[in-house]
Amino acid sequence: DYNRVNQRLDQIENDLKVIDNPDFVKVVMSGTNIAPESMASVYWNEKSTEVYLSIQNMKELTQESQYQLWAIIDGKPIDAGVFDPTTTAGLIKMKDIGKGAIKFAVTIEPRGGKSSPTLETMQVAGDVIKG
């Protein structure tokens, strides 16, 4: 129990380092028409190209499916990794994506992900607002 509490505390401290770091831009992704209740946020650092995901509300999926995060850079979708909403707490480290993202979105894809998004399954999306 003690080790589990310590690990969780370490994770919370690491999450706060990301959230409080001014180099990270928070991108709120709201639900689409097919998933209006869904919500998630991305923390993206363009300097280091790091991406972290925070899930606020996303439904469970079947074993055959996973969520996949996408960044839109130069008009093209870039794979930022797959995830399961039920196995995570706190921030999820996703794939580094590069520079110039203007939007992030999440789709439902076959387990393991795909090389291009299935737009009809888009659950959440949000624009990068630099400030």
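**Exercise 1. Which residues make the nonpolar surface patch of about 240 Å²?**

Keep in mind that this is a predicted model. Step one: the patch is built from Ile-12, Leu-16 and Ile-19. Step two: take Ile-19, which sits in helix α1, residues 2-20. Patch residues need over 30% relative accessible area, and Ile-19 comes in at 39%, so it counts as partly exposed.

**Exercise 2. Work out how Trp-44 and Phe-104 are arranged.**

Start with the tally: the structure holds three aromatic pairs. One of them joins Trp-44 and Phe-104, with ring centres 5.9 Å apart and planes at 65°. Angles over 60 degrees count as edge-to-face, and that's the label this pair gets. Now place the partners: Trp-44 belongs to strand β2 (residues 39-45) and Phe-104 to strand β7 (residues 101-110), so the pair links parts of the chain 60 residues apart. Are the two residues buried or exposed? Both Trp-44 and Phe-104 are buried.

**Exercise 3. Find what lies over the face of Tyr-52.**

Go to the ring centre of Tyr-52 and look 5.4 Å away: there's Lys-93, lying over the face. The cut-off for a charge over a ring is 6 Å from the centre.

**Exercise 4. Decide whether the radius of gyration of the chain agrees with a compact globule.**

First, the elements: one helix and eight strands, with the helix leading in the order α-β-β-β-β-β-β-β-β. Next, the size: the C-alpha trace spans about 45 × 35 × 25 Å along its principal axes. Then compare: a compact globule of 131 residues would be near 14 Å, and the chain has 15 Å, so the two agree. Lastly, buried residues make up 40% of the 131.

How values were computed:
Residues are numbered from 1 along each chain as its sequence is written. This is a predicted model: local features need pLDDT of at least 70, side-chain atom pairs count only at pLDDT 80 or more; totals for chains, interfaces and linings use all residues. Side-chain values use heavy atoms; hydrogens and water are left out. Patches are made of residues with over 30% relative accessible area and no salt bridge: like charges are joined within 9 Å, nonpolar side chains (Val, Leu, Ile, Met, Phe, Trp, Tyr) within 5 Å. Accessible areas come from the Shrake-Rupley method with a 1.4 Å probe; for residues, only the protein chains shown count as cover. A salt bridge is a side-chain nitrogen of Lys or Arg within 4 Å of a carboxyl oxygen of Asp or Glu. Helices (H or I, at least four residues) and strands (E, at least two) are DSSP runs, numbered from the N terminus. Buried means under 20% relative accessible area, exposed over 50%, partly exposed in between (1.4 Å probe, protein chains only). Rings of Phe, Tyr and Trp (its six-membered ring) pair if their centres lie within 6.5 Å; planes under 30 degrees apart count as stacked, over 60 as edge-to-face and the rest as tilted. A charge sits over a ring if NZ of Lys or CZ of Arg is within 6 Å of the ring centre and within 35 degrees of the ring normal. The radius of gyration is taken over C-alpha atoms; the globule rule is 2.2 Å times the number of residues to the power 0.38.
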